[in-house]
Amino acid sequence: MREFGYQRASDVAGAVALLGADPDARFLGGGTNLVDLMKTGVERPARLIDIRELPLDEIETTPEGGLRVGATVTNGDLAAHPEIRRRYPALAQAVLAGASGQLRNMATVGGNLLQRTRCGYFTDVTKPCNKRVPGSGCPAIEGEHRNHAILGASDRCVAVHPSDMAVVLTAFDAVVTYETADGPGGAPAGGELPLAEFYLPVGGTPHLETALPPGALITGVTLPPSPVAARSRYRKVRERASYAFAIGSIAAALDVRDGAVHDVRLAFGAVASRPWRARTAERVLTGAPAGPETFAAAADAELAAAKPLPHNGYKVTLMRNLVVAVLSELAEETAR
């Protein structure tokens with residue numbers, strides 16, 4: 001591990017100023033991903049700027065009726081919050097499925113969104129990886145890729161995004177707020193990014209993962225009011241019953257009226273370099289009869305764009321089955 005400095009920020013303005021003065025620094029929240037990557041040499045910051053004491057640890061109702069979640073809210077507090085459990089149950093389910101209680105009590109919402117892929121070639125500095133060293137190659141394409149992308153990949157990278165939380169936030173049109181030091185005289189300047197635009201397509205630049213401006217500090221995530229979100233579910237498939245990263249997951253919300261789909265939200269996890277909003281499936285479903293045949297047709301329409309590699313084609317069948325199973329369960333609950 002590279003020797004590094006440490007500094008604790010006391011306010012948001014100070015935090016962004018510190019990073020602006022040292023571009024080789026990193027913000028430190030819970031450290032559950034960053035510190036691991038520092039130990040293996042993937043991340044080599046010259047300085048860590050501790051932001052855990054910033055006043056960003058509240059969950060508040062917005063004037064529009066949504067919820068705003070501060071960036072330093074821990075995953076444990078997010079999953080336990082009564083309004084999250086009542087109004088966005090899939091979000092609580094995703095967090096609980098994501099890691100052990102010890103990790104949930106350390107990891108933060110902002111850090112969860114910025115966690116890096118768990119691709120073995122990325123985390124092994126002895127191997128080439130376009131995400132880690134642009135232009136060095138992607139050995140996963142010809143090598144071990146059983147848990148890699150089937151949607152939205154490129155010939156430069158087939159890694160998947162690991163976050164469970166981000167899948168649900170994508171389904172519910174969440175918006176990330178941030179601050180930089182780009183205001184007058186270096187003062188903080190705020191900005192926001194919808195989750196749909198937050199993660200960049202992998203394309204030819206897999207090392208560029210988000211649309212955050214340089215030096216930006218995530219300050220929170222806003223969930224817009226969404227009545228359909230109260231009837232939502234997150235389902236995660238993993239290779240063992242204990243905590244593990246997904247091989248496929250789905251965030252779904254469904255509103256059925258008079259036997260037809262009135263409103264629906266769908267997002268997939270562990271199938272692309274970013275959480276995958278299933279908009280094609282949503283269009284097929286809206287206004288259609290709420291039944292297994294329709295759910296299967298919607299899944300097939302979304303997965304028609306899949307380009308599996310030799311060893312991960314099972315994910316197409318897995319995701320189709322997840323769509324049908326989860327939407328069928330939600331439809332039955334709505335009918336009661």
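Visitor: Which residues lie nearest the centre of the largest cavity?
Guide: Cys119, Cys129, Cys138, Cys157 and Ala159 lie nearest the centre of the largest cavity, out of 15 residues that line it. On a 1 Å grid over the protein atoms alone, a cavity is a set of points where a 1.4 Å probe fits but cannot get out, and lining residues have an atom within 4 Å of a point. This is a predicted model, in which local features need pLDDT of at least 70 and side-chain atom pairs count only at pLDDT 80 or more, while totals for chains, interfaces and linings use all residues. Residues are numbered from 1 along each chain as its sequence is written, and side-chain values use heavy atoms, with hydrogens and water left out.

Visitor: What volume does that largest cavity have?
Guide: The largest cavity has a volume of about 80 Å³, where grid points are joined across faces, edges and corners and the volume is the space filled by probe spheres set on the points. The structure holds 1 cavity of 30 Å³ or more.

Visitor: And how does the lining of the largest cavity divide by class?
Guide: It has 10 nonpolar, 3 polar and 2 charged residues, with Ala, Val, Leu, Ile, Met, Phe, Trp, Tyr, Cys and Pro counted as nonpolar, Asp, Glu, Lys and Arg as charged, and the others, Gly among them, as polar.

Visitor: What about pockets: which residues lie nearest the centre of the second largest pocket?
Guide: Arg118, Cys119, Asn147, Phe245 and Ala246 lie nearest the centre of that pocket, which is lined by 25 residues. A pocket here is an open set of points with protein on both sides within 12 Å along at least five of seven lines. The second largest pocket holds about 390 Å³ of space, and its lining divides into 11 nonpolar, 8 polar and 6 charged residues.

Visitor: Changing topic, in what order do the 5 strands of the open sheet come?
Guide: The order is S4-S5-S8-S6-S7, with antiparallel pairing. Strands (E, at least two residues) and helices (H or I, at least four) are DSSP runs numbered from the N terminus, and two strands pair if DSSP finds at least two bridges between them. S4 and strand S7 (189-194) each have a single partner strand, so one side of each is left without a neighbour in the sheet. Neighbouring strands of this sheet are turned by 25° against each other on average, direction ignored.

Visitor: How many residues lie between S4 and S5?
Guide: There are 5 residues between S4 and S5, which form a hairpin, and Gly65 in the turn has a positive phi of about 105°. Strand S4 (residues 59-61) and strand S5 (residues 67-70) are joined by 3 bridges, and Ile59 has Val69 as its bridge partner in S5.

Visitor: And what stands opposite Arg68 in S8?
Guide: Thr222 does; S5 and strand S8 (residues 217-223) run antiparallel and are joined by 4 bridges.

Visitor: Which strands does helix H1 lie across?
Guide: Helix H1 (residues 12-21) lies across S6 and S8, running at about 130° to S8. Axes are lines fitted to C-alpha atoms, for helices over the stretch in contact, and angles run from 0 to 180 degrees between N-to-C directions, where contact means heavy atoms within 4.5 Å.

Visitor: What is the order of the open sheet of 4 strands?
Guide: Its order is S9-S10-S11-S12, again with antiparallel pairing. Strand S10 (residues 248-257) and strand S11 (residues 260-269) are joined by 9 bridges, with Arg265 in S11 as the bridge partner of Ala253. Helix H13 (residues 314-335) lies across S9, S10 and S11, at about 35° to S10.
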